[in-house]
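Q: Could you take a close look at one part of this model for me, the aromatic rings? I'd like to know how they pair up and where they sit.

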Amino acid sequence: MLKPNALSTVNYDWQIAYIYVDIRFRNNKFGESILRYAINYAIKTKANEISLCTTSDNHAALGLYKKLKFKENKFIANYTSFNLDLNHIRNKKDLSHNKS
């Protein structure tokens, strides 16, 4: 496992390109667990924001991103993009992303 440098002063944004859970393992919250881990790790490494996108017909992903408080940004062709402001979570000490 990678360890964040607690002394890092670099601020940056994350872009999650692909998350895929094999159909045999869906509905077990694996995708949610992966995203929560990424969110918490990004907060520890002082990232400002996480962004991602999905096709507009991927209703499971759309629901998950909204559940985890990602904000819908814009519609690009048949894709919907989202972002999560990590500074807002960090400042509000929102612990909802620490749930298993």
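A: Let's start with Phe82, which is buried, with a relative accessible area of 0%. Keep in mind that this is a predicted model.

Now for the geometry. A ring pair gets described by how far apart the centres are and by the angle of the planes. For Tyr65 and Phe82, the centres are 5.5 Å apart and the planes are at 65 degrees, so this one is edge-to-face; the label needs an angle over 60.

Tyr65 also pairs with Phe70. Here the ring centres lie 5.9 Å apart with the planes at 55 degrees, so you'd call this pair tilted. Phe70 is another buried residue, with a relative accessibility of 4%.

Zooming out a bit, the structure has five aromatic pairs. Elsewhere, Trp14, Tyr37 and Tyr41 are joined by ring pairs into a cluster.

For a contrast, have a look at Phe30 in helix H1 (residues 30-44). Phe30 is partly exposed, at 41% relative accessible area. Together with Ile19, Phe25 and Ile34, Phe30 makes up a nonpolar patch on the surface, and the four share about 340 Å² of accessible area.

Conventions. Residues are numbered from 1 along each chain as its sequence is written. This is a predicted model: local features need pLDDT of at least 70, side-chain atom pairs count only at pLDDT 80 or more; totals for chains, interfaces and linings use all residues. Side-chain values use heavy atoms; hydrogens and water are left out. Rings of Phe, Tyr and Trp (its six-membered ring) pair if their centres lie within 6.5 Å; planes under 30 degrees apart count as stacked, over 60 as edge-to-face and the rest as tilted. Buried means under 20% relative accessible area, exposed over 50%, partly exposed in between (1.4 Å probe, protein chains only). Patches are made of residues with over 30% relative accessible area and no salt bridge: like charges are joined within 9 Å, nonpolar side chains (Val, Leu, Ile, Met, Phe, Trp, Tyr) within 5 Å. Accessible areas come from the Shrake-Rupley method with a 1.4 Å probe; for residues, only the protein chains shown count as cover. A salt bridge is a side-chain nitrogen of Lys or Arg within 4 Å of a carboxyl oxygen of Asp or Glu. Helices (H or I, at least four residues) and strands (E, at least two) are DSSP runs, numbered from the N terminus.
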